[in-house]
Amino acid sequence: MKYSALALLRGALSAHRNWVPAWRSPEPKPTYDVVIVGGGGHGLAAAYYLARNHGVRNVALLERGWIGGGNTGRNTTIVRSNYLFPESARLYDFALKCYEGLSRELNFNIMLSQRGIVMLAHSRHDLDSMARWANAMRMNGIDAQILTRDEVAARAPLLDMSPDARFPVLGGFTQRRAGTARHDAVAWGYARAADALGVDIIQNCEVTGFLSGAGGRVVGVETSRGRIRAERIGIAAAGHSSVLAKLAGFRLPVVSYALQAMVTEPLKPALDTVVSSPGTGAYVSQSDKGEMVIGAGLDLFPSYAQRGSFAVLQGVIAATLALFPSFSRLRMLRQWAGIVDVVHDSSPIIGPTPVPGLYINCGWGTGGFKAIPAGGWTLAHVLATGRNHELAEPFQLERFVTGRLIDEAAAAGIAH
Amino acid sequence: MMQLKCPWCGLRDESEFVCGGTTHLIRPDLSASDAIWGEYLFFRDNPKGVHLERWRHAYGCGQWFNVARHTVTHEVLSVYAMTDAPPAHS
């Protein structure tokens, strides 16, 4: 059914008995054209674009838990495309442009709010590197504007701008088109749209092995709900990519870390932009519900535990309170961690694996949410055509042999 | 907070340590192929389970040591010297 004001009105008149589930919960069929492993944003988007862009509708999306229950539900909902290198700028800006039209396309309100992101400079060196950063973005055709100290103060009046501030703000830069989007809605919107095009979304279905055919080609998966055959399989499993790769018999240049975030109790509108302070390791925005959403840096040791360590939590809260002293009386509602797949150059991997027929989308590390449309679009392209999408061409596994890395560690905005 | 037992200083909070990643990696010969160098530099087992890793007591004695740690429970299974052979956990 199409969501609209009229549908709401009809619902109101029928005691809301007219609503149907947004997607089906089918039993898995024995065979599909394509199987996607991982029901986060990237996997769901790939399933949708397979059906929409390529007409491949006999697709199963397998999710171990529930869709959007991994990193898609654990990020800080920030979208931006302020990267340094042309390859990344193209990829992330493609994603941002998709986000700009996504609510209409999916007929699902993803609550995109382009409230801008303000990156803070706390030292002369920060000012220099941010000027370089903003100029690199403009060279790549992406909006960026250098801000003076007063312009930062006007955008985020609650920032401590006093002369004796622990971390003085000297200036910064902004990407106005950046902002936030409702993360669950992105997962649900893609799921509903993919389902409407015939994709089977199968939850509580863990992949436990890959079926190998002639020439080592992958021909299907073993799952907790039985054997499913498919000629082409895509993996989009973020922090668990290495676990699946091991089942398929290869390794990835990935290390899994916990990345924490937390929200405070809701309060009245107080912060209408995203504020990021790479120097102190804190980034803050206010959700539409009113909660302050605070993100931390990585817990810098390998982890698959979806909880963060107290040492990092303490650090990010201290940094946030130094920036926004008035937040000191807020109570935290929730704190959590997602397991992120960090690659040496902080850039993704989207393309074929050493196993014929098996493709992967991983390595987004600390910044996968903002890239969901691009990750899904390019994974769908390689799954449907067997050829890399032009945007994904630089982001292949072979760069770890050739040495042609695309080092975006500085633009990741999170200490690695 | 996770605690690690430094072989020299005893049990200390995780915030005193820096993790140096996977241990027991052996540097290939200089004449090795690009593929072998790539494996050595970038590709990791990244196990969901017991991981053999090196840590440094950065804000203490400054010494490196090896740890066998579970990456889901964060339980430390053993602490051993840099030159010791890998323990049997893995």
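This is a predicted model: local features need pLDDT of at least 70, side-chain atom pairs count only at pLDDT 80 or more; totals for chains, interfaces and linings use all residues.
Q: Does α2(A) pass α6(A) in a left-handed or a right-handed crossing?
A: Helices here are DSSP runs (H or I, at least four residues), strands are E runs of at least two, and both are numbered from the N terminus. A crossing is left-handed if the near helix is turned anticlockwise from the far one by less than a right angle, and right-handed if clockwise. For α2(A) passing α6(A), the crossing comes out left-handed.

Q: What pLDDT do local features need here?
A: Residues are numbered from 1 along each chain as its sequence is written, while chains are lettered from A and ligands numbered from 1 in the order in which they are written.

Q: Are α2(A) and α6(A) roughly parallel or roughly antiparallel?
A: Axes are lines fitted to C-alpha atoms, for helices over the stretch in contact, and angles run from 0 to 180 degrees between N-to-C directions. Helix α2 (residues 41–54) and helix α6 (residues 183–196) of chain A pack at about 30°, with their axes 9 Å apart. Angles under 35 degrees count as roughly parallel, over 145 as roughly antiparallel, 65 to 115 as roughly perpendicular and the rest as oblique. The two helices, α2(A) and α6(A), are therefore roughly parallel.

Q: How many charged residues are in the contact of α2(A) with α6(A)?
A: Contact requires C-beta atoms, placed from the backbone, within 7 Å; A:L44 and A:Y48 are among the α2(A) residues that meet α6(A), whose side includes A:V186 and A:Y190. Ala, Val, Leu, Ile, Met, Phe, Trp, Tyr, Cys and Pro count as nonpolar, Asp, Glu, Lys and Arg as charged, and the others, Gly among them, as polar. The residues of this contact divide into eleven nonpolar and one polar, and the number charged is none.

Q: How many residues of helix α1 (residues 5–13) of chain A are buried?
A: Buried means 20 or more other C-beta atoms within 10 Å of a residue's own, exposed means 12 or fewer, and partly exposed is in between, with C-beta atoms placed from the backbone. Helix α1 of chain A is hardly covered, and the count among its nine residues is zero.

Q: Which residue stands opposite A:I36 in β2(A)?
A: Two strands pair if DSSP finds at least two bridges between them. β1(A) (residues 31–37), with five of its seven residues buried, runs parallel to β11(A) (residues 226–235) over six bridges. β1(A) also runs parallel to β2(A) (residues 59–62) over four bridges. A:I36 faces A:G234 in β11(A), and in β2(A) the residue opposite A:I36 is A:L61.

Q: Which strands stand at the edges of the open sheet of eight strands in chain A?
A: The order is β5-β6-β4-β13-β14-β15-β12-β16 (chain A), with mixed pairing. The twist averages 20° from one strand to the next. An edge strand has a single partner, so one side is left without a neighbour in the sheet, and that is the case for β5 (145–148) and β16 (332–343) of chain A.

Q: What residue is the bridge partner of A:A258 in β15(A)?
A: β12(A) (residues 254–266) and β15(A) (residues 291–299) run antiparallel, joined by six bridges. In β15(A), the partner of A:A258 is A:D299.

Q: At about what angle does helix α4 (residues 124–139) of chain A run to β6(A)?
A: β6(A) has five of its five residues buried, with A:F173 among those on one side and A:T174 among those on the other. β6(A) pairs in the antiparallel sense with β4(A) over five bridges and with β5(A) over four. Helix α4(A) lies across β4, β5 and β6 of chain A, and its angle to β6(A) is about 20°.

Q: Which element gives the most to the side of chain B that touches chain A?
A: Chain B has one helix and six strands, in the order β-β-β-α-β-β-β from the N terminus. Its contact with chain A takes 21 residues from chain B and 21 residues from chain A. On the chain B side, β3 (18–22), α1 (34–41) and β4 (50–56) each supply at least two residues. With three residues, the element giving the most is α1(B).

Notes
Two residues are in contact if their C-beta atoms, placed from the backbone, lie within 7 Å.
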